[in-house]
Amino acid sequence: GGEWPMIDRPIIARSPWTPDEDAQLQALAISGKSAAAIAAELKRTEISVRSRASKLRVLLGTRKAKGK
């Protein structure tokens, strides 16, 4: 089989993130979008979005958002 199991380890990205994608990720996160919604918008996996957001220190929206 050609499928890789989903394991908790670093995955080599299919393509590097561009500055434009970083900006889109940040803007979508600020607007309160979930990781899944951002992933769909940027045509990336949710895991990839979460990983990149972590590197950029961007907080992703969640359904359980508190406050404000």
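A nonpolar core is a set of buried Ala, Val, Leu, Ile, Met, Phe, Trp, Tyr and Cys residues joined through side-chain atoms within 4.5 Å. In this predicted model, the largest such core has 12 residues in all. Its members are Trp17, Leu25, Leu28, Ala29, Ala35, Ile38, Ala39, Leu42, Val49, Ala53, Val58 and Leu60. Helix 1 (19–30), helix 2 and helix 3 each supply at least two residues of this core. Helix 2 gives the largest share, four residues.

The overall layout of the chain comes next. The chain holds three helices and zero strands. Read from the N terminus, its elements run α-α-α. The chain has 68 residues, of which 25% count as buried. Among contacts with a separation of 6 or more, 56% are between residues 24 or more positions apart.

The pairing of helix 2 with helix 3 was examined in detail. Two packed helices are described by the angle between their axes and the distance between the axes. Helix 2 spans residues 35–42, and helix 3 spans residues 46–55. Their axes come within 8 Å and cross at roughly 105 degrees. Angles of 65 to 115 degrees count as roughly perpendicular. Helix 2 and helix 3 are therefore roughly perpendicular to each other. On the helix 2 side, the meeting residues are Ala35, Ala36, Ile38 and Ala39. On the helix 3 side, they are Glu46, Val49 and Arg50. By class, this contact has five nonpolar residues, two charged residues and no polar ones.

Ala39 lies in helix 2. Buried means under 20% relative accessible area. Ala39 has 5% relative accessibility, so Ala39 counts as buried. Not counting residues up to four places away in sequence, Ala39 touches Arg44, Thr45, Glu46 and Val49. Ala39 and Leu25 are 14 residues apart in sequence. In space, their C-alpha atoms are 8.8 Å apart. Both residues belong to the largest nonpolar core.

An α-helix has 3.6 residues a turn, so residues three or four places apart point the same way.

Leaving aside neighbours within four places in sequence, Ala53 is in contact with Leu25, Val58 and Leu60. Helix 3 is followed by Arg57. The phi of Arg57 is positive, near 55 degrees.

Glu21 is found in helix 1. Glu counts as charged. Glu21 has 16% relative accessibility, so Glu21 counts as buried. Not counting residues up to four places away in sequence, Glu21 touches Pro16, Leu42 and Arg44.

Technical notes: Residues numbered from 1 in each chain as written. Predicted model: local features only at pLDDT ≥ 70, side-chain atom pairs only at ≥ 80, totals over all residues. Heavy atoms only, no water. Axes fitted to C-alpha atoms, helices over the stretch in contact; angles between N-to-C directions. Parallel < 35°, antiparallel > 145°, perpendicular 65-115°, else oblique. Contact = heavy atoms within 4.5 Å. Buried < 20%, exposed > 50% of the residue type's maximum accessible area, 1.4 Å probe, protein only.
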